Amino acid sequence: MRAVWPSVFVLAACGGDDAGMAPDAGPDPNATPKQFCVQETNRYRAMNSKPALTESTQLETYADTGAMVDFNGSPHQHFSSTNGGGIAFAENECPHWNLGQSGGDMKSLVGMCIAAFYAEGPGSDYSTHGHYINMMGPYATLGCGIYMSGSEVTIIQDYGN
C-alpha cells in the first residue's frame, strides 16, 4: 500500500493494551528524527497525563529492522513474525509515506505520522483507535525506526516495558 499525506494515508497498529516532556517544553531542535519521534510522542502523552517514555536503543534497532522488512513486505510483518522480538509489545506504523508531502523534511514527516496516530482519539475499538491506544498505553520505553527508499518512507514506533 502507498500512503500519501494529507489526502490519503494508510496507518497500521498492532499489539497493545489500553491503559514526558512537559507540554510547555519545545522539541529539541538538534534532535534526530528518531529522537523527535520519542519527544513528540511524549508531548502527546503529557497532554493526556501519561508518563513519558524512555528512548530505547534496543527498540530503535528492532524498529529500524521492522521498517526495512515492512517497507519491502506488509505492515507489521516483522512485528508479527517475531512476536515483537520479545521486547516490543505494541507497534504503530506509517508505511510508504512520501517525504515530499513534508517538503522533504524527515522530522516534519515523523510529526505528521504521529499526529495521525493521535488524531484517532480515545476509544475502545482497536480497529479505529489502535494507534492512539498504543500511544497512550502502559508502556515505559519507545524505539522509533525509519526506512527510506527514494522518496518513500516507512516509520515505525515499537513500545516496550
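The legends below describe close-up views of a predicted model of a protein.

**Figure 1. Overall layout of the predicted model.**
The protein has 161 residues, and 48% of them count as buried. Its secondary structure consists of 5 helices and 5 strands. Along the sequence these elements follow the pattern β-α-β-α-α-β-α-α-β-β. The accessible surface of the protein is about 7000 Å², and carbon and sulfur atoms account for 53% of that surface. The protein contains 2 disulfides. With bonded cysteines counted along the chain, the disulfides have the pattern 1-4, 2-3.

**Figure 2. The disulfide between Cys-37 and Cys-144.**
The sulfur atoms of Cys-37 and Cys-144 are 2.1 Å apart. Cys-37 belongs to helix 1 (residues 33–47) and Cys-144 to strand 4 (residues 141–149), so that this pair links distant parts of the chain, 107 residues apart. Are these cysteines buried or exposed? Both Cys-37 and Cys-144 are buried. The torsion about the S-S bond of Cys-37 and Cys-144 is about -70 degrees, so this disulfide is left-handed.

**Figure 3. The disulfide between Cys-94 and Cys-113.**
Here the S to S distance is 2.0 Å. Cys-94 is part of strand 3 (residues 90–98), while Cys-113 is part of helix 4 (residues 106–119); the bond therefore ties together parts that are 19 residues apart in sequence. Cys-94 and Cys-113 are both buried. Which hand does this disulfide have? The torsion about the S-S bond of Cys-94 and Cys-113 is about 100 degrees, so the disulfide is right-handed.

**Figure 4. The largest nonpolar core.**
This core has 28 residues. Leu-109 and Val-110 are the residues with the most contacts inside the core. Several elements each supply at least two residues of the core: helix 1, strand 3, helix 4, helix 5 (126–135), strand 4 and strand 5 (152–160). Which element gives the most to the core? Helix 4 does, with 8 residues.

**Figure 5. The surroundings of Val-110.**
Leaving aside residues up to four places away in sequence, Val-110 touches Pro-33, Phe-36, Cys-37, Ile-146 and Ile-155. One of these neighbours, Cys-37, is also bonded to Cys-144 in a disulfide. Val-110 is itself one of the residues with the most contacts inside the largest nonpolar core.

**Figure 6. The crossing of helix 4 and helix 5.**
The axes of these two helices come within 7 Å and cross at roughly 110 degrees. An angle of 65 to 115 degrees counts as roughly perpendicular, and helix 4 and helix 5 are therefore roughly perpendicular to each other. Which residues meet where the helices are in contact? Ile-114, Phe-117 and Tyr-118 of helix 4 meet His-131, Tyr-132 and Met-135 of helix 5. An α-helix has 3.6 residues a turn, so residues three or four places apart point the same way.

**Figure 7. Helix 5 and its buried residues.**
How many of the 10 residues of helix 5 are buried? The count is 7, so helix 5 is largely enclosed by the rest of the structure. The buried residues in helix 5 are His-129, Gly-130, His-131, Tyr-132, Ile-133, Asn-134 and Met-135. Among them, His-131, Tyr-132 and Met-135 meet residues of helix 4.

**Figure 8. Phe-117 and Cys-94.**
Phe-117 lies in helix 4. At 1% relative accessibility, Phe-117 counts as buried. How far apart are Phe-117 and Cys-94, in sequence and in space? The two residues are separated by 23 residues in sequence and by 9.0 Å in space, from C-alpha to C-alpha. Cys-94 is buried too.

Ser-49 sits in the loop between helix 1 and strand 2 (54–55). With a relative accessible area of 70%, Ser-49 is exposed. His-96 is found in strand 3. The relative accessible area of His-96 is 10%, which makes His-96 buried, whereas Ser-49 is exposed.

Definitions and conventions:
Residues are numbered from 1 along each chain as its sequence is written. This is a predicted model: local features need pLDDT of at least 70, side-chain atom pairs count only at pLDDT 80 or more; totals for chains, interfaces and linings use all residues. Side-chain values use heavy atoms; hydrogens and water are left out. A disulfide is a pair of cysteine sulfur atoms within 2.5 Å. Helices (H or I, at least four residues) and strands (E, at least two) are DSSP runs, numbered from the N terminus. Buried means under 20% relative accessible area, exposed over 50%, partly exposed in between (1.4 Å probe, protein chains only). Accessible areas come from the Shrake-Rupley method with a 1.4 Å probe; for residues, only the protein chains shown count as cover. A nonpolar core is a set of buried Ala, Val, Leu, Ile, Met, Phe, Trp, Tyr and Cys residues joined through side-chain atoms within 4.5 Å. Contact means heavy atoms within 4.5 Å. Axes are lines fitted to C-alpha atoms, for helices over the stretch in contact, and angles run from 0 to 180 degrees between N-to-C directions. Angles under 35 degrees count as roughly parallel, over 145 as roughly antiparallel, 65 to 115 as roughly perpendicular and the rest as oblique.
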